[in-house]
Amino acid sequence: MALLDTGAQVSMIDRGWKGRYLPNTPVRPLSEMFDDKEELEVHAVNGDVLPFDGWVIITVSFEKGSLSEPIIVPFLVCSIPLDQPLRGFNVLEAVVQSRPAELIPTLSNLLSESMSMHPEKASLLVSFIQAGKASVQQERLRSGYCDTVIPSGKVAWIKCLVSSTVDQSEPLLFEPDENSALVAELGIGEGLMKIQGAKKPYVTVPVKNSIKHPITIPRKTALGSVQTVAKVIEAGSPESSETRVVVNAVPSTDTAPCPALWHPPVDLSHLSDDQRGRVKEMLFEESAAFAKDSQDIGCIPSLRMSITLKDEIPVQRSYGAVPKPLFKEVKEYIQDLLMRGWIVKSKSSYASPVVCVRKKDGTLRLCIDYRLLNQKTIPDRHPLPRIQDLTDSLGGYSWFSILDQNKAYHQGFIDKDSRNVTAFTTPWGLYEWVRIPFGLSNAPAAFQRSMEEMLDTLRDECCIPYLDDVLCYAKTFDEHVEGVRKVLRALQKHGVKLRPEKCELFRSEVRYVGRLVSAQGVRIDPKDLDAVRLLASKTPQTVGDVRKLMGFLGYYRSYIQDFSRIAKPIYELLQGKREAATPGFIDKDSRNVTAFTTPWGLYEWVRIPFGLSNAPAAFQRSMEEMLDTLRDECCIPYLDDVLCYAKTFDEHVEGVRKVLRALQKHGVKLRPEKCELFRSEVRYVGRLVSAQGVRIDPKDLDAVRLLASKTPQTVGDVRKLMGFLGYYRSYIQDFSRIAKPIYELLQGKREAAPPMRQTKALVPSFIKTKGAS
């Protein structure tokens, strides 16, 4: 006995009833009836949610007339007690759909008597049930409730259920799902299939695994679609023995050969009304090139990336711990990749760990740590275009558009023979990629090659591809409309999908490869300069901070004078080729040569000592780098002296402030008692500097006269005098001619011919200077 409730959408029993009448029938999980992401909720009349343990198959029969023949219906097993089993709308539906002609009158009478319903109303209800589900003409064919493992080189017959409403007397035409990467790599052929099983109709689909390793077909995987056959016509020609099949033309919701046109949401507010109308019309006609949402990802069959390794020793690393707050999200992300067919279960000997990355828009990106695999990979030397070459070719154009792709790498495929090396390990098992993942060292080269092949005839004519960004350009608006149309058609042809919200179309200035491109030329984006200044204002605390700063600056190396020379020691530090050297210190590898002996032992210098021949050059280089941006603008460094200058007092205050901050940043300390600040005339490198110009300090002339009044007694005295005079050689007439014989004597190039007497004879000439005679 059971209650017949036409208002209930499902049939139910409780635990107690199941235990009494069906003790040996297993309770099956609800996940077999629904996808992982679907959740079943059944509400009572009062709105409460009813909990369920699972479901069972029960044979149902009626005691009266033609309804006595049993039917098989699924029942939910309720966790809370019920007064009696509940037969819902699905029972009536199964009865009517199985034998409509003979059962409709009987069922109408039964409903009229049991529910005190007018016979006409009962007939209308049964007619509604009969029309509720039309005869199925086309439906998706999915694998069973369990995963199927197909060994390499073997054929498996996969059992797939079909609707009980399909006419079992006629064969079905099966067509594989061409959009599924998993199905594409398997040997599944289209053809006629015979329905088997009277109570639970099904067909068996032969699937061959032709690759070199086993492959797993996840449960409920869409293999293709089946259609009822209207007629099988034998070919009349005696030369042909082929069978032609005429299929009922019923549109399918799962596969649409001609996608509907739509208006991509691209910002065109900067255009005039006439221009906007023309661009909208063009984009509408080529709208298939744009993704409708984040789930609409392109598919580029021609992009198949192979990975060649230096050896066959597999990379094996255990998975890293997934942060607990991200555990559910990461699991759902992996399940989504699995359902899309982008990854499959793997039995590879390779295993790389996963890394969770949060993108700017807040979504999660699962990256794989392929560093060890990349070290073993033979590089693909296909060149990426030089950014300088790209930007140099854009002169003279006025209209620009940027086309940005949606999950660019995931649109391509990993070659079948290389998928096993992409295997990555997670807390939920080992998987390998079907689509190209992020993190592989050869992915940029493979993707760039693919883009160049797609746009081969258009490249350098109206567009420039650089990885997933395509720059379109033209001199006139009309040319640009046609150029963009050609590029969109080429991308559509190869299955590329663009992100409309990221595309910048029909602009006079766009940002491309980190530069602003316009009719006026190419320049650095001021936002990037702000970012550089922000980075420069902070002292790097870790190696990662240094790498970040150098990567940012290296991107703009063509705009930085002597970048290679300045950055070389930092790159060598990052590569471990030299020890960290602090300004003012002797490099660790050179300290031993500075050793000096004392009565108390042997010592070597850590700080730079006086007396080293290369010390002045090293110190000068350091000072110039510290004051690089201020040099020749408001200051001149010369060894340990820095001359600051300005035309006005206010400018001088700001200039000195900048110099002090730069020196402070690099740890330089000044001697306040030796500094001369805000003077109209100062002594700098032995000269007096003022608004009137540069002249010799009279004190130095007095010193020269004092030296000249004394006859040099030793070679040291001669060297001292020549060094003093040589400092002012630019102020001494004919200095080179006068001093030449003395230098030759000191260098031993001529014999000594009373050097003291000769030197004394030359002194009067030295004190006749250009500035004071």
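What share of the 773 residues in the protein chain is buried? Buried residues make up 38%; the term means under 20% relative accessible area, with a 1.4 Å probe and protein chains only.

This is a predicted model, in which local features need pLDDT of at least 70, side-chain atom pairs count only at pLDDT 80 or more, and totals for chains, interfaces and linings use all residues. Residues are numbered from 1 along each chain as its sequence is written, and side-chain values use heavy atoms, without hydrogens or water.

The chain has 20 helices and 37 strands. These are DSSP runs, numbered from the N terminus: helices are H or I, at least four residues, and strands are E, at least two.

Now the cores. A nonpolar core is a set of buried Ala, Val, Leu, Ile, Met, Phe, Trp, Tyr and Cys residues joined through side-chain atoms within 4.5 Å.

| Core | Size | Residues include |
|---|---|---|
| Largest nonpolar core | 69 residues | L403, L455, V487 and F506 |
| Another core, apart from it | 26 residues | I150, V205, I211 and L223 |

In the largest core, the four residues L403, L455, V487 and F506 have the most contacts inside it. Contact means heavy atoms within 4.5 Å. Beyond four places in sequence, L403 touches residues including D468, V487, L491 and L505.

Next, a helix pair. The axes of α18 (residues 715-726) and α19 (residues 735-746) come within 11 Å and cross at roughly 150°. Angles over 145 degrees count as roughly antiparallel, so α18 and α19 are roughly antiparallel to each other. Among the residues in contact are V715 and M722 of α18 and F735 and I742 of α19.

Note on methods. Buried < 20%, exposed > 50% of the residue type's maximum accessible area, 1.4 Å probe, protein only. Axes fitted to C-alpha atoms, helices over the stretch in contact; angles between N-to-C directions. Parallel < 35°, antiparallel > 145°, perpendicular 65-115°, else oblique.
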